[in-house]
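Welcome! Open the structure in your viewer, and let us walk through it one selection at a time.

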2 protein chains.
Amino acid sequence: MPATKNDIVAEFTRELIRVNTAFRQYIQAMLRRNNMDLTFEMLQVLACLWNTDGVNQQEIANLTVKDKASVTYLIDNLTKRGLVVRKEDEGDRRNKLVLLTDAGKALKTEVEPWIQEMHAFAGVDMPVQAIKDCMQVMIKFRENLGMEISSDNC
Amino acid sequence: MPATKNDIVAEFTRELIRVNTAFRQYIQAMLRRNNMDLTFEMLQVLACLWNTDGVNQQEIANLTVKDKASVTYLIDNLTKRGLVVRKEDEGDRRNKLVLLTDAGKALKTEVEPWIQEMHAFAGVDMPVQAIKDCMQVMIKFRENLGMEISSDNC
DNA sequence: CCAACAAAGTTAAATACTTAACTGTTATTG
DNA sequence: CAATAACAGTTAAGTATTTAACTTTGTTGG
């Protein structure tokens, strides 16, 4: 049976899930190996804050591609672990700024090299241009499906 | 600030999540629009069965890239809705074969055109070769991360 | 001004995923 | 043949996601 274009798109969606799972499992294995009491999702949030501390929750939601309700939940969990605190934005009191604690900042030194290592490891034997081309395909899929999500950097 | 290769890999992982989300949201909107009492995940399982009925749960887990515990849960939900039944495999009594009911089969006629439509819609202005190249990049990422997941068709 | 709307965050309920321990069945091999 | 390993499925607990309703605060246009 010859694969039609639709079959190929279908297979693409499955590969999407597989590679997503691969990244998550790699990180979770890394966290476990180093006895970090963190999940992949908490790390996504921390990574945003390590880049720019003190952003509000909606912005974290945009950057991590999560729902704002999920972010509320994750910030609760990170607060319990003493890694972040919420602070009301005095300029706009609807916002709550999320700030790293000292413990949260200290984690960066420990974890960021591992993340860099993963990115380097993942990209072995992979030309930058091929990755960019692949992203263009993904963006095109997303646009075709009518999702206009902003692509800001984290 | 010039983007390093690692930055590009990092952005790739975010785009991965975005396009994944786009596909899921498209399908959920479609299901809701047509008053289907189904989730994206249940549909993934049904799609496997519409292709080949009577496979066991582990195989469904492989095909949908899910954990077998998740599949137990989803089959429970589909059973409650009267769309599938479990049947012990008499050849190997460890297995439970999952079989479509008449209602489950009837759904195929209704839903499959929408899925085909989505795949066609998603693939507009996208050369097949570009999609294949993109999948090769994703597979390479997965291999680099040390995940050797089988890539059987569904 | 103020009424209507929009935006940020929270909450609760339903669904889903992950991990690990567990049961039962089959395969291996000493 | 019996011990052991491997495999399929279930269960339970913890975590995550989604949706919708809700509160609070800010913006805007008549």
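Start by selecting the contact between the two chains (heavy atoms within 4.5 Å): chain A gives 54 residues and chain B gives 54 residues. This is a predicted model, in which local features need pLDDT of at least 70 and side-chain atom pairs count only at pLDDT 80 or more, while totals for chains, interfaces and linings use all residues. Residues are numbered from 1 along each chain as its sequence is written, chains are lettered from A and ligands numbered from 1 in the order in which they are written, and side-chain values use heavy atoms, with hydrogens and water left out.

Next, look for salt bridges (a side-chain nitrogen of Lys or Arg within 4 Å of a carboxyl oxygen of Asp or Glu). Three of them cross the interface of chain A and chain B. Select A:Glu15 and B:Arg142 to see a salt bridge at 2.8 Å, N to O.

Move on to chain B and pick B:Arg18 and B:Glu11, whose side chains meet in a salt bridge of 3.2 Å, N to O. Are these two buried or exposed? Both B:Arg18 and B:Glu11 are buried (under 20% relative accessible area, with exposed over 50% and partly exposed in between; 1.4 Å probe, protein chains only).

For the last stop, select A:Asp37 and A:Arg81, a salt bridge with its closest N and O atoms 3.3 Å apart. A:Asp37 is exposed at 54% relative accessibility, whereas A:Arg81 is partly exposed at 33%.
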